Number of protein chains: 2
Amino acid sequence: MNANPLVTRLQQFCPLDAGDLQDLNALSLDRRHIAHGTNIVHGGSAANHIHLILSGWAARYKVLTDGTRQITALLLPGDLCGVRCAMLSQMDQGIMALTPMHVAYIKPQALYRLESTSAGIRHAMNWCSLVEDATSRAWIINLGCRQALPRTANLFSELSERTMMSVPDSLADSFLPLTQLELADTLGLTPVHVNRVLRELQQRGMVALRRGGVMMTDLSALRQLGSFDGAYLRPKTIAIGEQTAA
Amino acid sequence: MNANPLVTRLQQFCPLDAGDLQDLNALSLDRRHIAHGTNIVHGGSAANHIHLILSGWAARYKVLTDGTRQITALLLPGDLCGVRCAMLSQMDQGIMALTPMHVAYIKPQALYRLESTSAGIRHAMNWCSLVEDATSRAWIINLGCRQALPRTANLFSELSERTMMSVPDSLADSFLPLTQLELADTLGLTPVHVNRVLRELQQRGMVALRRGGVMMTDLSALRQLGSFDGAYLRPKTIAIGEQTAA
DNA sequence: AAACATACTTAACATTTAATAGGAATGGTA
DNA sequence: TACCATTCCTATTAAATGTTAAGTATGTTT
């Protein structure tokens, strides 16, 4: 793992110069271990850090008054979350660890100061937000247009792509540490129906079921079934001058 | 209408100082009339402007290979869109006018330069993105958790809130210029089922149906049925020093 | 006025998904 | 080992939504 994973992450989006690297490395990263099931951010509470996920998975979710829960984002190693946490409290959303995790806590003011002074860092952060935005729109499309089977396959394809980008040499590339209940709350289905869908995917040889997760065994079949196109996860980095602002 | 609607918009999110106002007013706004049905941005084409909607409604959408269309955002007067258009082409999404419109075309480079020099403008733009982000997450929740009737009521409540914020003294506050087909593509339902839902809402006295749109007649009932909470549309503006980065 | 395209409405039927309930496996803990 | 809480699996029934098809309005163009 890089001495400063924030550097690794931001460089995916925008080339950074020596000064940027120095400034980022000067940020003290407060690394913490988080137990499975812990709430990193509570719905309704003020969020006073930016979180960078070093290992493990988390879910951003909201619980409605009738008790139903919707997971609105899945956060993987390398993901920056809480960039927008100031809003989370008003939105009553929370973030929960789905596995044991390592998380770097970053002081927002410190990062904000860097954004003021470095166009490169500002751009990298913007691109980071752009990918988040594109991903949530892809979820809208998935929920709105696809039925349970392709919807599930599409989600799995996205998660496969994202794990490969963030931890490319991991042996566990294709394991999704989500219970069927958590999948249900992500996909807008009931746990019972998720079970039916997973069984069908298993019969077709695309996944193998484990307690507490799913092992993907035929990625290209999943991508085809879910008509997945991951272009939105890999925005072409463009020079600062050409940047379409914001 | 303000001489510079961009100023009006950004000031909703963050107080701007005299210098900011001067700089923004110096931006040449290229105002154009757009006919109903026109594609402002084509999926697959490069987007080279930021668009500020002065009047009329537009939809951001994607057409899947099987022909189904999902509308991923509705854009109302005062909305800035295309801040992230560089990505639209890669995402194969387009933006289409749902009504006749007036749109201001802004050169991204010019706005980008202002962001470099003014923390206030940078913050205002960030808050603008935050509201967009919160809105798309609200759509995920709506699509994932609610059935057709409350889902429709929730969307109507959001749109009512947004129209009131953007054109508060309009007489047409409560008219939604969306055909039932467009509503279907927004809500992830079939046009036939949208018709059933609208008829039900009409029977309950919450809406009146018009050709080409829906008139909302009982907003509080719609909000209750859709369990709508619009806090995410009105983020509390905070001072720059306290800003949680982004 | 006639023709036309678009939007809306309605009905019958099919399919998907939800709801409910109960049981079986798994893993942790006293 | 016994207990307990999850998670997972399965079956049945019911509800929500999709599909197909056809007809009716409405506004526009000729």
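## DNA strand D

In this predicted model, a polar side-chain atom of A:Asn195 lies 2.8 Å from a phosphate oxygen of DNA strand D. Such a pair counts as a polar contact, that is, N or O atoms within 3.5 Å; within protein, one atom must be able to donate a hydrogen and the other to accept it, and residues adjacent in sequence count only if both atoms are side-chain atoms. The bases of this strand are also reached. A base oxygen of DNA strand D is 2.7 Å from an N or O atom in the side chain of A:Arg211, and a base nitrogen of DNA strand D is 2.8 Å from an N or O atom in the side chain of B:Arg196. The elements giving two or more residues to the surface near DNA strand D are H8 and strand E10 (207-210) of chain A, together with H8 of chain B. Helices (H or I, at least four residues) and strands (E, at least two) are DSSP runs, numbered from the N terminus. H8(A) provides the largest share of this surface, 4 residues.

There are 20 residues around DNA strand D, and A:Gln180, A:Asn195, A:Arg199, A:Arg211 and A:Gly212 come nearest. Of the atoms of DNA strand D that come within 4 Å of the protein, sugar and phosphate make up 65%. A residue is near a strand if one of its heavy atoms lies within 4 Å of it. The surface near DNA strand D has 5 nonpolar, 9 polar and 6 charged residues. Here Ala, Val, Leu, Ile, Met, Phe, Trp, Tyr, Cys and Pro count as nonpolar, Asp, Glu, Lys and Arg as charged, and the others, Gly among them, as polar.

## DNA strand C

DNA strand C is surrounded by 20 residues, the closest being A:Ala148, B:Gln180, B:Asn195, B:Arg199 and B:Arg211. Sugar and phosphate account for 71% of the atoms of DNA strand C that come within 4 Å of the protein. By class, the residues near DNA strand C are 5 nonpolar, 9 polar and 6 charged.

Phosphate oxygens of DNA strand C are approached from both chains. One is 2.7 Å from a polar side-chain atom of B:Gln180. In chain A, a polar backbone atom of A:Thr190 is 3.1 Å from a phosphate oxygen of DNA strand C, and an N or O atom in the side chain of A:His193 is 3.3 Å from a phosphate oxygen of DNA strand C. Two or more residues each come from helix H8 (191-203) of chain A, and from helix H8 (191-203) and strand E10 (207-210) of chain B. H8(B) gives the most to this surface, with 4 residues.

## Domains of chain A

An automatic or database domain assignment divides chain A into domain 1 (5-136) and domain 2 (147-226). Their C-alpha centres lie 24 Å apart. The contact (heavy atoms within 4.5 Å) takes 13 residues from domain 1 of chain A and 16 residues from domain 2 of chain A.

The area buried between the two domains is about 1300 Å², with carbon and sulfur atoms giving 59% of it. Buried area is the accessible area (1.4 Å probe) that two parts lose on being put together, summed over both. A:Trp57, A:Arg69 and A:Leu74 supply 40% of the area that domain 1 of chain A buries against domain 2 of chain A, more than any other three residues.

The interface of domain 1 and domain 2 of chain A holds 2 salt bridges, each a side-chain nitrogen of Lys or Arg within 4 Å of a carboxyl oxygen of Asp or Glu. A:Asp79 forms a salt bridge with A:Arg162, and the closest N and O atoms are 2.7 Å apart. On the side of domain 1 of chain A that touches domain 2 of chain A, strand E5 (residues 69-75) of chain A contributes the largest share, 5 residues. The residues of that side divide into 7 nonpolar, 4 polar and 2 charged.

## Conventions

Residues are numbered from 1 along each chain as its sequence is written, while chains are lettered from A and ligands numbered from 1 in the order in which they are written. Local features need pLDDT of at least 70, side-chain atom pairs count only at pLDDT 80 or more, and totals for chains, interfaces and linings use all residues, while side-chain values use heavy atoms, with hydrogens and water left out.
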